[in-house]
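I opened this notebook to record what I looked up, entry by entry. The structure comes before my notes.

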Amino acid sequence: MEWTVVKKINTPDFDIEAGAAKIGEDILLYIQGGDRPHIGCTVMAVPRPSLSGNGERSVTSSVMNLTGHKDESICRMLAEDVCRTCGKTVVCTGGVHLEQITMEQIKEVENAAKRLGVALLGVLQETPL
């Protein structure tokens with residue numbers, strides 16, 4: 001397996017990185033950064049038709065968190081966005097840790113993760129799966 005794409009963002013407070021790889025028809029994502037990158041959460045997202053019946057694609061996700069970790073918001077966002085857009089089963093794992101993180105830094109991490117997700121999608125949509 002080779003990483004299809006790796007994207008990085010550097011900020012004054014932290015560095016954050018995300019990558020994507022194809023595993024058969026599925027997609028594996030990771031996100032890491034901060035003072036101590038780690039695996040704090042894993043999310044598996046599976047595409048399905050929307051329950052509203054409007055023909056749109058929706059997602060069902062399963063989440064596993066390590067006790068005391070708050071990485072679900074970024075892992076879930078990445079997994080669900082890529083799953084919804086690509087229509088593939090997606091697993092996202094990872095974690096970003098900043099000592100004494102502030103609310104402002106939490107928002108910075110979430111915004112950086114969103115930007116990384118957009119960058120990954122840009123490449124994934126151009127790459128045949």
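Which residues does T42 touch, not counting residues up to four places away in sequence? I found that T42 touches S62, V63, M64, V91, C92 and T93, where contact means heavy atoms within 4.5 Å.

Before going on, I noted that this is a predicted model, in which local features need pLDDT of at least 70 and side-chain atom pairs count only at pLDDT 80 or more, while totals for chains, interfaces and linings use all residues. Residues are numbered from 1 along each chain as its sequence is written, and side-chain values use heavy atoms, with hydrogens and water left out.

**Entry on T42.** I placed T42 in strand 4, strands being DSSP runs of E with at least two residues and helices runs of H or I with at least four, numbered from the N terminus. T42 counts as partly exposed at 24% relative accessibility; buried means under 20% relative accessible area, exposed over 50%, and partly exposed in between, with a 1.4 Å probe and protein chains only. I also looked up T42 and T11, which lie 31 residues apart in sequence and 25 Å apart in space, C-alpha to C-alpha.

**Entry on the helix pair.** I read that helix 1 (residues 72-86) and helix 2 (residues 103-124) pack at an angle of about 25°, with axes 10 Å apart. The two helices are therefore roughly parallel to each other, a label for angles under 35 degrees. Their contact is made by residues including I74, M77 and L78 of helix 1 and V109, A113 and L121 of helix 2.

**Entry on Q100.** I found Q100 in the loop between strand 6 (90-97) and helix 2. Q100 has a positive phi of about 50° although it is not a glycine, and Q100 is exposed, with a relative accessible area of 71%.

Note on methods
Axes fitted to C-alpha atoms, helices over the stretch in contact; angles between N-to-C directions. Parallel < 35°, antiparallel > 145°, perpendicular 65-115°, else oblique.
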